[in-house]
Amino acid sequence: MSAAPSGNGPLPAANSQPGFWCECLLTSAESDSTVLVGSFDAYAARDAVRWIRIAVRMLVSVVDDAEAEPVYEWLLLGGAATAAALERGEPFTITLQHEQLLLAWSARTVSFLPLAHRTGRALPPCAGEWSQPAALRSALTASQHPHLPARR
């Protein structure tokens, strides 16, 4: 099924572009809530893996050794295997837990449709209004220093 270029119906499959949707979710056991920390649209499996590796590498040092060991192993040896699995259409998830906080990074295959308001990789103006990274910073600061108020 397809619509005329000026119509509001479904787009033909030829207009879609294969890629990978990556996201990081923060779950707090205390409040039983989940927050989207970040997301990334990658057009190559290696770019999806790179986005996750950078984020995980920055935070793995704050977790205890038992939790960090398999993550360090994946950082050292798992990148190529993960990219190959993504190329085969297999989803990927890796998690880190620090006290009551659980961070989960995931990547999965998707088909991206072109958006009328987007040019290349430029984001729309509303993207600058997103404040979720501040929520992550507050949660991590509060868990590391429970006697200090969280910064905003």
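1. Basis. The model is predicted, so local features need pLDDT of at least 70 and side-chain atom pairs count only at pLDDT 80 or more, while totals for chains, interfaces and linings use all residues. Residues are numbered from 1 along each chain as its sequence is written, and side-chain values use heavy atoms, with hydrogens and water left out.

2. Elements. The protein chain has 4 helices and 4 strands. Their order from the N terminus is β-β-α-α-α-β-β-α. Both kinds of element are DSSP runs numbered from the N terminus: helices are H or I with at least four residues, strands are E with at least two.

3. Whole chain. Of the 152 residues in the protein chain, 31% are buried. Buried means under 20% relative accessible area, exposed means over 50%, and partly exposed is in between (1.4 Å probe, protein chains only). The accessible surface comes to about 9,900 Å², and 57% of it belongs to carbon and sulfur atoms. Such areas come from the Shrake-Rupley method with a 1.4 Å probe; for residues, only the protein chains shown count as cover. Among contacts in the chain with a separation of 6 or more, 60% join residues 24 or more positions apart. Contact means heavy atoms within 4.5 Å.

4. Core. The largest nonpolar core has 28 residues. A core of this kind is a set of buried Ala, Val, Leu, Ile, Met, Phe, Trp, Tyr and Cys residues joined through side-chain atoms within 4.5 Å. Ile52, Val56, Leu86, Ile94, Leu96 and Trp105 have the most contacts inside the core. At least two residues each come from strand 1 (17-28), strand 2, helix 1, helix 2, helix 3 (79-87), strand 3 and strand 4 (101-112). Helix 1 gives the most, with 7 residues.

5. Ile52 is in helix 1 and counts as buried at 1% relative accessibility. Leaving out residues up to four places away in sequence, Ile52 touches Trp74, Phe92, Ile94, Trp105, Ser106 and Ala107. The C-alpha atoms of Ile52 and Ala104 are 9.8 Å apart, although the two are 52 residues apart in sequence.

6. Aromatic pairs. The structure holds 3 aromatic pairs. What describes such a pair? The distance of the centres and the angle of the planes do. Rings of Phe, Tyr and Trp (its six-membered ring) pair if their centres lie within 6.5 Å; planes under 30 degrees apart count as stacked, over 60 as edge-to-face and the rest as tilted.

7. Phe40 and Trp51. These two rings are stacked, because their centres are 6.0 Å apart and their planes are at 10°. Phe40 lies in strand 2 (residues 33-42) and Trp51 in helix 1 (residues 45-59), so the pair ties together parts that are 11 residues apart in sequence. Phe40 is partly exposed at 23% relative accessibility, and Trp51 is partly exposed at 21%.

8. Trp74 and Phe92. This pair is also stacked, with 5.2 Å from centre to centre and 20° between the planes. Trp74 belongs to helix 2 (residues 65-77) and Phe92 to strand 3 (residues 92-98), so parts that are 18 residues apart in sequence are tied together. Both Trp74 and Phe92 are buried. The charged end of Arg53 sits over the ring of Trp74, 6.0 Å from its centre. For this label, NZ of Lys or CZ of Arg must be within 6 Å of the ring centre and within 35 degrees of the ring normal.

9. Val49 lies in helix 1 and is buried, with a relative accessible area of 4%. Beyond its neighbours within four places in sequence, Val49 is in contact with Trp74, Gly79, Thr82, Ala83 and Leu86. Val37 is in strand 2 and is buried at 11%. Its C-alpha atom is 5.5 Å from that of Leu25, 12 residues away along the chain.

10. A polar atom of the His98 side chain lies 3.1 Å from the backbone oxygen of Val62. Glu99 is in the loop between strand 3 and strand 4. Its phi is near 55°, a positive value in a residue other than glycine.

Note on methods. A polar contact is a pair of N or O atoms within 3.5 Å; within protein, one must be able to donate a hydrogen and the other to accept it, and residues adjacent in sequence count only if both atoms are side-chain atoms.
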